[in-house]
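Here are my notes for your reading of this model. Keep the sequence and the 3D view open as you go through the points.

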Amino acid sequence: MFKVMKTQSNPSLIGSRVPRSDARAKVCGTEKFIADYSLPGMLHVAVIRSPVPCGELRGSNRQYLETLPGVVATVFAEDIPGENCVPIVWRDMPALATGKAKYAGEPVGLIGAETAEAARRALAMAKLDIHPLQAVTDPEKARDNDALKVYGEDNVFSHLVIRRGNIEKAFAEAAAVVEGTYRTPYQEHAYLEPQGMLAIPEGDGSITVMGSMQCPFYVQSAVATVLGLPLAKVRVIQAATGGAFGGKEDVPSLVATQAALIAWKTGRPARLIYSREEDIISMSKRHPAVIHYRSAADSAGRLLAVEADYILDGGAYATLSPVVLWRSIVHSVGPYRCPNVKVDARAVATNRVPCGAFRGFGSPQILFAVECQMDQLAAKLGVEPAEIRRRNLLAVGDATATGQILKNSVGSLETLEKALAAAGVAPSKEAGEGRRAGRGMSTIFYGMGLGAGGVHLARTGATVQILQDGSAIFSVGTTEMGQGMRTVLGQIVAEELGIAFNCVHMTPTDTSRVPDSGPTVASRSTTMSGNALLRACAPLRETLLHVAAGILEAESANLVLTQGKVETRGTNPPRAVELQKVIDECFRRRECLASEGWYRTEGTTFDRATGQGDAYVAYAWATNIVDIEVDTETGVVEVMRIVAAHDVGRAVNLSGVEGQIEGGTVQGMGYALLEEILCQDGIIQNSEFGLYHIPTAEDAPKIEPIVVEKPFDGGPFGAKGFGEQPLMGIAPAIANAVADAIGIRFSELPITPERVLAALNSKTAI
Amino acid sequence: MTQILVPKDLQEALELLAIDHPPRLLAGGTDLLVLRKDNPEKFASFLVLENVRELCGIHKENNRIRIGSRATHSEIEHSSILMKYAPVLAHAAAEIGSVQIRNRGTIGGNIVNASPAGDLIPALIALDAVAELHSLYRKREIPLREFFLGPGRTVCRLNELLVAIHFELPDAREHGVFLKIGPRKAVACSKVNVAVQALMHHRTVEWIRIALGAVAPTVIRAPRTEAWLQGKRLSPELIAEARAMVREEISPITDIRSTVEYRRHVAGVLIERALESSLSK
């Protein structure tokens, strides 16, 4: 089904440890983030927000605000020239609330002022006439009959199912059944750079928007919608982006409309940089989840049936919830064979901040339940946690929970065996006075790319151009946000064209350079932009080889392009010509050394009635083994060591892969043990890093990354996307380790010292 | 507009403070500038202490140690005098914030900010330290245990300047321990912190001072437990009793950082660990 794009026998750059091409500028502080851009006449924007989770909007003191020193304009819903809508999956979210505000922090009005100080002072004087209404602030009560309606008839944005086999029969015949209710919290992305946008009205009736973002084409669509402009008149350029983790997928569209509305109204450039507090209360989060999960196995430890019924708290608007929910159901059985599956998943509406994308995209929640269940099944059947996984792991030829037959690139068992071998013997449970040690594991998988849930966006474009001096520039539609894409794609271009890595340069991602390439999400950049670049490079290679054939008086089919030269193959001795000479000759002949590439994925399917289909083109696989120690007097769980084996198809950049494993693992630790957005009656209480704690470098354990390579024939050089996967299985592995250490199973995250101590004192699970 | 005053010495600083609405004192700024961020109008005028050399230094003076209020946490952490005579204070300083915060933040700021969770305060109270307050017209000395009135509130008046902190030179046989529990290993506010300074003789407590943070509106001593321990020989049973007694002496609350149950329990655990560490000396 998928063509082999490119596999060389011994590529020099692929699989190497090329240093990141953006590292120096970021470490030295020369990289320009959006807050570093300033233009003459530029206005500063402040956002007036709803103070209540639900309220009827009756007016504001905007006339007064406009008289304040330095204030140039205000914008409210009635001033929006286009449609008051930020299109994401659906079109239910307004740019500025009108009639009713639906969450605390929802934007209601905008202030444009000459200085950031004037904007801030005016914001402090802003008053909304808002009549507070009763709000739905508990997602578990959103579906109650008497709950107020935030969305539709039942506060359900989306209900997805899997129906496979017959679970009743399987549960009746099972040797072991395990049941649990799992609760997972919000998680805040905590990217280093808060959200920010700069909108520049151009003299020709178009507008340029720059900023921190993952998805320039989403931003383009949102700005065109609110301004009532054709897409052609909105150009979006990504500025250097200081971290994202999914938090800059959908919400930058909203931020961009805020800057653009002030710019459009005043005809002046307008910039908006969020404060951290504003960012935390109003930007997307990982969906909190409540999961009821039941699993059945036979006496041989084979998984027979799974029944799951769960909700994700979508918040006040649908935003990405329908697709987050979709990814979660595809991962709802884990990487296991299971003939009987019944899953009901709902994204519910509440008067809370809209939740969106976060590394793993709905899968960490459900995988937490899946992997805690597997350990409990193992315990019930008297087999080791590793053994029950070994007996159930998907292999080539098996069907997933959505009925997809796996055809290749399945490294699940290899990650398990390699992680086990590296982890060795578990440390003794007695870890000194008042300390208990434990080991836990998780085995997970990740459907790479957008899959059937986002198939309409599953395409990418790229351009490549060789310049006269032998250097090359390339452009793609996906973005660098700190994940290392620019380096990996630079390696691919350098490898394909035989050009030195440091002579290859990626231009800033810009909607005017390449066609709409979809979002930079779903761990898709290496494979999608990589494939588009391979296609863009192919005609350039052909031209280079053709011209070189003339110089070397050889058939181009007998030539190889390696770093810096073209060589004959099969002649003794080989004859060679320097690549620069070939390029010189191309320019002398006026050959075109610029080319475009386009790539789209094919073959994914999904039936909404049954939840069956070929959900993703391929899957990445991973096993985590975690050693922890619990201080039984203070309840503190200390992670000592994590062995993480990931099947990535092919590691284009080994250091990049290891970096992703280390970073994701620590982020997963935060999710497991530390991170908690405290939301009281719909209002976030800890909107600062002094109160929302993420792990520091000092909290990071010893992390041992293991790279497994089961090449995927649809990926460049066999690569699969996997950047999200390192986070996804850490929380259940830690919960399993805690259960191993102290015999108490936590089914709610985070596993804080307060909860551990309370459980130890009452000797019951929380 | 923000007014920034930069006095050249202590006398000038005190003169600038001797007005009705004196400027805010700015040393390291690690607390003050965070407060100012959201509310700059409230912080329109600053007195920057950068050039006031009378506030600098950590000195051993005959039978006491005197620390200028502008000594940074890093200076305290690495001070050879404090490492030798009052390691409890050096260890507490090492637990504060990050390297960047420790390089900027000062002992004076940590004291006048009067957080119930401030990490230097229990150590200083365990050392029975005294604050030296100067205004243009008078000087006074206040024992630190009487300095705090509540969260963010102290006896220091707006036109007074905390010039230094001093305490009696600890006997070489004294032993001090600082322990803290925060949400993570670094860059974190304490959920509970404790400092113990004691003189032991053959495992018998000659005297002991116990100070606890984040378990009451101010950092507090545990006088009942201290008195009860005095003259007794430390044993595991005795330590267990002290642990229970301390839990009775504190009045923690549930807030965004932790719960009353957790704080009460862990305060006892930290005291137990501090006493055990004395036992092993």
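1. A:Phe361 is buried, with a relative accessibility of 13%. Here buried means under 20% relative accessible area, exposed means over 50%, and partly exposed lies in between (1.4 Å probe, protein chains only). A:Phe361 sits in the loop between β15 (340–349) and α9 (363–381) of chain A. Helices (H or I, at least four residues) and strands (E, at least two) are DSSP runs, numbered from the N terminus. A:Phe361 is not a glycine, yet its phi is positive, about 55°. Most residues other than glycine have a negative phi, and most peptide bonds are trans.

2. This is a predicted model: local features need pLDDT of at least 70, side-chain atom pairs count only at pLDDT 80 or more, and totals for chains, interfaces and linings use all residues. Residues are numbered from 1 along each chain as its sequence is written, chains are lettered from A and ligands numbered from 1 in the order in which they are written, and side-chain values use heavy atoms, with hydrogens and water left out.

3. Now look at the loop between β6 and β7 of chain A, where A:Asn155 is placed. A:Asn155 also has a positive phi, near 60°, and is not a glycine. Is A:Asn155 buried or exposed? A:Asn155 counts as buried, at 0% relative accessibility. A:Lys141 lies in the loop between β6 (128–132) and β7 (156–164) too. A:Lys141 is partly exposed, with a relative accessible area of 49%. From A:Lys141 to A:Ser299 is 158 residues in sequence and 38 Å in space, C-alpha to C-alpha.

4. Check two prolines. A:Asn572 and A:Pro573 are joined by a cis peptide bond, with omega about -5°. A:Pro573 is in the loop between β21 (565–568) and β22 (576–578) of chain A. Another cis peptide bond joins A:Leu749 to A:Pro750, with omega about -10°. A:Pro750 is in the loop between α17 (730–742) and α18 (753–762) of chain A.

5. Next, helix packing. The axes of α5 (residues 216–227) and α6 (residues 251–266) of chain A come within 9 Å and cross at roughly 40°. Axes are lines fitted to C-alpha atoms, for helices over the stretch in contact, and angles run from 0 to 180 degrees between N-to-C directions. Angles under 35 degrees count as roughly parallel, over 145 as roughly antiparallel, 65 to 115 as roughly perpendicular and the rest as oblique. The residues of this contact (heavy atoms within 4.5 Å) divide into 11 nonpolar, two polar and no charged. Ala, Val, Leu, Ile, Met, Phe, Trp, Tyr, Cys and Pro count as nonpolar, Asp, Glu, Lys and Arg as charged, and the others, Gly among them, as polar.

6. Compare a second pair. The axes of α13 (residues 525–552) and α14 (residues 579–588) of chain A come within 9 Å and cross at roughly 100°. The two helices are therefore roughly perpendicular. Their contact has eight nonpolar, one polar and two charged residues.

7. Last, the chains. In all, 25 residues of chain A contact 21 residues of chain B. The two chains bury about 2000 Å² between them, 52% of it on carbon and sulfur atoms. Buried area is the accessible area (1.4 Å probe) that two parts lose on being put together, summed over both. A:Glu633, A:His693 and A:Glu754 supply 26% of the area that chain A buries against chain B, more than any other three residues.
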